[in-house]
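Please find below a note on the structure under review, arranged as numbered points. It is written for a reader who is new to such descriptions.

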Amino acid sequence: MGLLNSKKPITFIIPMPSPLSKSAIHKILTGLNNRQKEAVCHTEGPVLIIAGAGSGKTRTLTRRLAYILSQNLVVGDKRALAITFTNKAAEEMEKRVTILLKDAGISPNQAPFIGTFHSFGAKILHSAADIVGRSRNYSIYDEEDALALIKRIMKELEIGGEKVTPAAIRHEISRLKNEIIEPSVYAAETSTPFEKAAAAIYARYEELLKEHNAFDFDDLIEKPVRIFRSSPAILARFQEEYPYVLVDEYQDTNVSQYQLIKLLAGGHQNICVVGDDAQSIYRWRGADFRNFLNFDRDWKDTKVVKLEQNYRSSKNILKAADGVISKNVLQKKKKLWTQNEGGSPVFVVETANEHEEARFVAGRAAELMSERGLNPKDIAVFYRTNAQARSLEEAFLEANIPYRIVGGVKFYERREIKDVLAYLRLCVNPDDRVSLERIINVPPRGISKERLRRLDYNLSVIPSLEELLDKLKTLAEITPATELIFHLVKAIDYQKYLEKEYLNADDRWENLMELLSLARGFDERLEPPRGLRAFLESVHLMQETDHATSEHRRLLMARNSETDAVSLMTIHCAKGLEFEVVFVAGCEEGLLPHARSLLDAEELEEERRLAYVAITRAKKELYLCFSRQRLLFGSREPAIPSQFIYDVPPEVTEFVAANKYDDEVDEDEEYIEY
């Protein structure tokens, strides 16, 4: 700390490798360009890596982590920490680092912690839950559980109204926790009827979470921040344990995530963040890309490294992307370049309506597969809103092209999965009243939630359930999770219950079999009851942190469709992916950019970043499609080409009138001028 407070210039010294490790380090650095090597080898002090789209961000981050481990900078009980936003990203990073270290012949003293913000927050809570009034056997409430608790509170407090809905209150509480605003502070600042109602519900909500020995998902970051602020000793212990901190996708952090990292790395200052402000598209869920823009102001003597060489896209696609994003005012300026060929022009496609647009996309996709030999999985179709998917689905079905809609129903939100998980949670945490309310009539037992509450959750009135839960709790201590699930579903005759309640009982039973296969992985690694507890924690972390990229998401696609399928998804779901060919449907004012952004400069800049993300997913070909009219949200209206189309340099575009796929188009009605 003395060096950091000194007025003299700071010189960061990169430890010299021992002769034994020179060849190993060579393997770690092989294949990196000069900027990437600079980002990897600058280990000490704050580092900001501005990684443009397709610039090898993940490769750089994983090599940096491997390099830190190769230098013996993390010794004894210390560990390097790498934080991501999704479990899939964490798993991919861990896999890459493991392979790198194995190939280089390096055995680190301690394996790094690679996980999501929420999994790291859960780790902190495991060791300090008592400070926020919980035991270590706490439950994690998902969105449905939290809503159920809020509904109960609203009924208890007799609060409700047209605007004061459970969903609105849940959203407000989530916002407050993400901004680390506690109930008493919020209550003192309320002015509107909604805020007053939210304040009362928020206070009671926190009381009941503590009473239930539970956290909601926002607590997994908010509560660790409060722990660090209130307990310098615990903060110091974690700072010492994790002397090197790496954060991926830093532009997507919210206030609580920002504060957690700032506290954790505030002592040693060895913080490296990676991201791209031009790809910050999650403002609607609390992300503030200013955390990224202001990083070098927040951290003194920050080393800034720009990764601007793109390995993914053609020159023309990059010029199109730059033309769009260059119009934004709030950004870290960068100029992507590539050694790839100029490639095909960017195709600007005019169609008569959404049906012709869909037929064009499906028809062109079929041509690309038949004439160019592309696989369906090489092609993606992006759109701004889910409402646009229907006509596209119909066209792909009509053309008999395998497709999948990414971002469908979450596996863990299925009723049968939540029922079984609720039983399992009660095995670990008998005080979990939300889970008890969920399963009280699964199968039917003739007792309402209201009566259960009046009885203060005394199960003596339902001796069969009380006996079952006692037996399950005992078995949970000695039985693997898979066997426990088998015993549970047999004891409550759950398959028969599904057959009675649902037409698709077979599908639901298959989902439970999938849950068993997931639990088996934990049984193979951990003895009871640790396997069950780790399984439940992993399930809830996956349930909330993984988005469209989660491998546990169910895809809304025909039963006979295959993995090798054209991907249909919203642009938000496309982040982090890449495809040979990309179609962007609905490039129109009111859609992209969305109507709500047209009078808000900051919202419009976010929409432009969204368009930039869509464009930079394409490797070889890009189609920007717009229609002259569109039926959307129940009304057919004239449409105007998106302003983002006009931001694309004319010299890299080629205009296409899509009438070859629809005989009804009047060629005289074609319009777009450059």
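1. Basis of the note. This is a predicted model, in which local features need pLDDT of at least 70 and side-chain atom pairs count only at pLDDT 80 or more, while totals for chains, interfaces and linings use all residues. Residues are numbered from 1 along each chain as its sequence is written, and side-chain values use heavy atoms, with hydrogens and water left out.

2. The sheet. Helices (H or I, at least four residues) and strands (E, at least two) are DSSP runs, numbered from the N terminus. An open sheet is formed by six strands in the order 3-2-6-7-1-8, with parallel pairing; two strands pair if DSSP finds at least two bridges between them. At the edges are strand 3 (113–116) and strand 8, each of which pairs on one side only. On average, neighbouring strands of this sheet are turned by 15 degrees against each other, direction ignored. Axes are lines fitted to C-alpha atoms, for helices over the stretch in contact, and angles run from 0 to 180 degrees between N-to-C directions.

3. Strand 1 and its partners. Strands of a sheet pair through backbone hydrogen bonds, either parallel or antiparallel. Strand 1 (residues 47–51) pairs with strand 8 (residues 303–307) in the parallel sense over five bridges, and Ile49 stands opposite Val305 in strand 8. Strand 1 also runs parallel to strand 7 (residues 271–275), to which four bridges join it. In strand 7, Cys272 is the bridge partner of Val47, and Gly275 stands opposite Ile50.

4. Side chains of strand 1. In a regular strand the side chains alternate between the two faces of the sheet. From strand 1, Val47, Ile49 and Ala51 point one way, Leu48 and Ile50 point the other way, and all are buried. Buried means under 20% relative accessible area, exposed over 50%, and partly exposed in between (1.4 Å probe, protein chains only).

5. Helix 6. Helix 6 (residues 117–128) has twelve residues and reaches 16 Å from its first C-alpha to its last, close to the 16 Å expected at 1.5 Å a residue. The expected span is 1.5 Å times one less than the number of residues. Nine of the twelve residues of helix 6 are buried, including Phe117, Phe120 and Leu125.

6. Aromatic residues. Which residues form one aromatic cluster? They are Phe113, Phe120, Phe228, Phe238 and Tyr242. The structure holds 18 aromatic pairs; rings of Phe, Tyr and Trp (its six-membered ring) pair if their centres lie within 6.5 Å, and planes under 30 degrees apart count as stacked, over 60 as edge-to-face and the rest as tilted. Phe347 and Tyr623 form a stacked pair, at 4.8 Å centre to centre and 20 degrees between the planes. Phe347 lies in strand 9 (residues 346–351) and Tyr623 in strand 14 (residues 618–627), so the pair ties together parts that are 276 residues apart in sequence. Both Phe347 and Tyr623 are buried.

7. A charge over two rings. The charged end of Arg285 sits over the ring of Tyr282, 3.8 Å from its centre, and over the ring of Trp284, 5.9 Å from its centre. The criterion is that NZ of Lys or CZ of Arg is within 6 Å of the ring centre and within 35 degrees of the ring normal.

8. An exposed residue. Lys22 lies in helix 2 (residues 22–29) and counts as exposed because its relative accessibility is 53%.
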